[in-house]
Amino acid sequence: MRIELISLGHVYPTGDEALKGVDLVIEGTEPVAIIGQNGAGKTTLVKHFNGILRPTSGQVLINGEDINNRSTAQWSRDVGYVFQNPDDQIFLETIRKEFEFGPKQIGMPEEKIKEQMDFVSELCLLKDKLDLHPFDLTLTEKKFCTIGSIIMMDPKVIIFDEPTCGQDVEGNKRLKNIVKTLQDMGKLCITISHDMKFVVENFRHVIVMCKGKVLLDGDSKEVFSQVDKLKQSFVSPPPITRVAQKAGFKETVFNIDEFMREFDNRKEK
Amino acid sequence: MAKAYNSYVKRDTFKENISPNVKIWPIFSYGLSAIIFPNIYLGLGLIVFLFILAFFSKLFKGFTKIMLGFGIPITLMLIFIHGFYGSKNETILYDFGPVQLGLEGVLHALKIVSSLLVFLGTFYIMNHTTYTGKLVASLTASGVNPKVGYLVLASLNVVPQMQRKLSVIQEAQTARGVETKGSLWHRFKVFVPLLGPVVLSSLTDAQERGMTLETRGFGIKNVKQTHYVEVFYTKTDKIIKYMLIGFFIVTLIITILMRLSVI
Amino acid sequence: MREVVVKVEDLKFRYREGKKRALDGVSFEVFKGEFFCIIGANGSGKSTLCNALVGLVPYYFTGNKKGSVVIDGVDTDNSSIAELSQKIGLVFQNPFNQLSYTASNVAEELAYGLGNHGVPRDEMIKRVEYVAKLMRIDHILHKNPLELSGGQVQRVAFGSTFILEPNILVLDECTTQLDPLGSEEIFDIVKELNKTGITVIMVDHDMERVARCADRIMVLDKGKTVCIDTPDAIFSNPDIVNYNIEAPDYVSICKALKERGYYSGDYKITEEPTVEVVKEALVK
């Protein structure tokens, strides 16, 4: 899949200019993380990838096709979008029904729906809860219910809006596994997140947004090495990275092994 | 994103500067008067008066729209029912062959419509010239139970909230392959299944909101509620209130006299 | 002897429709002016406990409650939620459901609780102004609360709770809608309030933040109190992984340095001391 934005601009009816000319290409299956402050335009940006929002200027091309050629419902076969607030998405009586809803809408064969149900309920660890009412789930389980109901539709691109919000250690592990599995299946995951630890653990391609524009776009190591630019967008690297930077390490490190390797390198000098 | 709480927009007209407390009165005074009066002329007169009032309150366009939008279909419907099938029909206005249009039925229908329109019209003007927060503040200040005040506010806010929720869920649905555009019938089919869940989730939200209110001191005993919105009650307000009560009493007396065939 | 403002004794609670107890023996005391943090996996009972502190359990969430919760000398069983609101304030997870839905603008929303407490209008205006400035929402005072972003609503929700000037503030993951910078701003305010003597009880998933703020930490697991100790002791304890808790990364840095023999002191749990340890180890 290839998502291409050409000087994309978006002005809301209220007059707020949320995107101010974004040029961006996202391609392949490498998971992408989009980070930046509240109000930087992250959600507005990704809502253009399946046409929930339409460009007020510029262009969005999905595999070369203009986003305006199709309706959001038609794009939903290719691009799945998980909303930030699960309560905005869930509306049926059981999780099973939530899972079946999207696939039925796009006319997925019964057989395939069954297969997907087994796979997705396993992946989201909701196998025992399929017949529960979504009200009986905790907020974090609800989140996995919404994630599952989108994966069910088997789109080529899946967008997660703040999946880490309110998750504990176990929840983050579950998410990690989902992102990894989707990548192995050849899907493109695009994730908005505030949790920098989660970002560096799971994403090599990082995009930093600031005030409606893309400030940085590239390999995570490169992005997190640009301390001054990050400051400008009020993004702070994860703790291990910060300690290494403040202790004067040259390389950007994300985990304890990298940290100690770089420590030894400096020690030798 | 969301719609405003109530339909109040500041327009700096005379009516806005009347205490909200007083503005409730016309609904009862005019409305009840129109109901009890033996013929339709008072009702019609009041409707004309309300149109003038709406004009000076800078509400003419919206007011006309709602009065005609509600008035025309309901008039036709009631004339059809009472005019053709009313039991009191004696004078035949027009003979359609299988059915006859009766004068008494038509008058009865017009009477109902005019009373309804008086209620609707006064309520519309009140709602559009009063800031709900102010209304409730002034009601509770004049001794109405805060719980009743809250009910008034909350019920006025329910509809815009549900509308908001509905539009968000609809957006989420399109992202799951539901086509929300298309024929009216199609849109209706997509829309209906959402109503249940939206109402249900509004109810659970309401429960959580109840929690919020109490943790913020709602219903505390032995404390007189105060308000951030300024409450006032002027001499003019008093005069207007008595005039409105007077209007109803006069109507009542005239009605009784007319019923007793004194005049 | 420090003054105890919250005393929870062997609290047990099962929701009416629940199979298991959400709280299954929780006991702790919080001292006046303390910054007390509660950590544990999702489903360990943290939110239920917060609701019990302000009286929502068992008045709103009905079920079987045993044990006692005493707030500033008053047993929650003998007081209404509204009365408790004069002593203890709760900011909960979903800020949207924390709006009163009776206000047409943010100023009225902030003032809502003050009205219930019967605070005179002049005083109200002063407090609204003060809180709005503190929460950095003074530029949106005229806006309709329904038209705000998640982050803004969270600030409003927060402001409208502590405008009541409770002596005890309970924060239940109250910055989930905010970005890291916004959360830091809120916690800077919380820390300031704490310094003025307000007791803070906080539930949060961000262990770096907990380590930085807490005087003491309680670990909850499956509705039970596992341990209560200082942040240093809690996060140096290798057993906490059993409760689905990850110590701040600073601990693993110190640990790794220790294993190589470059460091011999205590594990650090905040950034600055860790940087110092690393710098020293480099020149050793």
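Before the details, a word on conventions: residues are numbered from 1 along each chain as its sequence is written, and chains are lettered from A, with ligands numbered from 1, in the order in which they are written. Because the model is predicted, local features need pLDDT of at least 70 and side-chain atom pairs count only at pLDDT 80 or more, while totals for chains, interfaces and linings use all residues, and side-chain values use heavy atoms, with hydrogens and water left out.

Let me begin with confidence. The model scores ipTM 0.79 and pTM 0.83. Chain B averages 81, with 93% of the residues scoring at least 70. Over residues 1-6 of chain B, pLDDT stays under 50, and the model has 26 contacts for them beyond four places in sequence, where contact means heavy atoms within 4.5 Å.

Now to the interfaces, starting with chain C and chain B. Here 45 residues from chain C meet 34 residues from chain B, and the buried area, meaning the accessible area (1.4 Å probe) that two parts lose on being put together, summed over both, is about 3,600 Å², with carbon and sulfur atoms giving 57%. On the chain C side, C:Tyr60, C:Tyr101 and C:Leu146 supply 19% of the area buried against chain B, more than any other three residues. A salt bridge is a side-chain nitrogen of Lys or Arg within 4 Å of a carboxyl oxygen of Asp or Glu, and between chain C and chain B the count is 1. That pairing joins B:Arg216 to C:Glu109, with the closest N and O atoms 2.9 Å apart.

Turning to chain A and chain B, 23 residues of chain A are in contact with 17 residues of chain B, and about 1,700 Å² is buried between these chains, 62% of it given by carbon and sulfur atoms. In chain A, the residues that lose the most area to chain B are A:Asp88, A:Phe91 and A:Phe135, together 32% of what that side buries. The rule finds 2 salt bridges across this interface, and A:Glu98 forms a salt bridge with B:Arg176, the closest N and O atoms being 3.0 Å apart.

I will finish with the backbone. A cis peptide bond joins C:Val57 and C:Pro58, with omega about 10°. In chain A, phi of A:Ser7 is near 30°, a positive value in a residue other than glycine.

Terms used
pLDDT is the predictor's confidence in each residue, from 0 to 100.
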